[in-house]
Amino acid sequence: MKQVRNTHAKTEILNLINSSDVALTHSDIQKKLGDLCNRVTIYRVLERLENEGAIHKIVNIDGVVNFAKCSGKCSHEQHFHNHVHFNCKECHSVTCIENAIPEISLPEHFIAHEYNFIISRICPKCADVKNKKAEKANMLICLLLYTEI
């Protein structure tokens, strides 16, 4: 097995991903790191972290690659990510939903090694914002109607 190298960039990238509630894109990571390292170093570190079983890769509905922390079951030998990913159509966040595991029945002689299951809709945060905007709009309409009477 290859020796695990811990650089400052690797530590910072792993801390960013582990502390995030949503999966992060390469661009998100690069913005948060500032001038710590260049984009090529970030790609290399992300690849190394995935190979070590620390993070996993998710391709969202727009084809953008996101990175999220692995559960404690993953290792450099095997990843366990047969869970649902939720992709918000408003804010484009990707969230791992560990407690929703779809049951898939394949035809005879097909063997699943892994799958990427993405549900796309609106996350609770964006839904709340939409609801508040709708409430304000309704109140404004009522106010306008009341002042006309």
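Visitor: What makes Ile104, Leu106, Phe110, Phe117 and Ile119 a nonpolar patch on the surface?
Guide: A patch takes residues with over 30% relative accessible area and no salt bridge, nonpolar side chains (Val, Leu, Ile, Met, Phe, Trp, Tyr) being joined within 5 Å and like charges within 9 Å. These five residues form such a patch, with about 450 Å² of accessible area together. Areas come from the Shrake-Rupley method with a 1.4 Å probe; for residues, only the protein chains shown count as cover. The model is predicted: local features need pLDDT of at least 70, side-chain atom pairs pLDDT 80 or more, while totals for chains, interfaces and linings use all residues. Residues are numbered from 1 along each chain as its sequence is written, and side-chain values use heavy atoms, without hydrogens and water.

Visitor: Why is Ile119 called partly exposed?
Guide: Buried means under 20% relative accessible area, exposed over 50%, partly exposed in between (1.4 Å probe, protein chains only). Ile119 has 36%, so it is partly exposed.

Visitor: How do you know that Glu52 and Lys10 meet in a salt bridge?
Guide: The term needs a side-chain nitrogen of Lys or Arg within 4 Å of a carboxyl oxygen of Asp or Glu. Here N to O is 2.8 Å, and the pair counts as a salt bridge. The partners are 42 residues apart in the chain.

Visitor: Is Lys10 buried or exposed, and why?
Guide: Its relative accessible area is 3%, so Lys10 is buried. Glu52, at 23%, counts as partly exposed.

Visitor: What makes Lys57 and Glu50 a salt bridge?
Guide: Their closest N and O atoms are 3.6 Å apart. The structure holds two salt bridges.

How values were computed: Helices (H or I, at least four residues) and strands (E, at least two) are DSSP runs, numbered from the N terminus.
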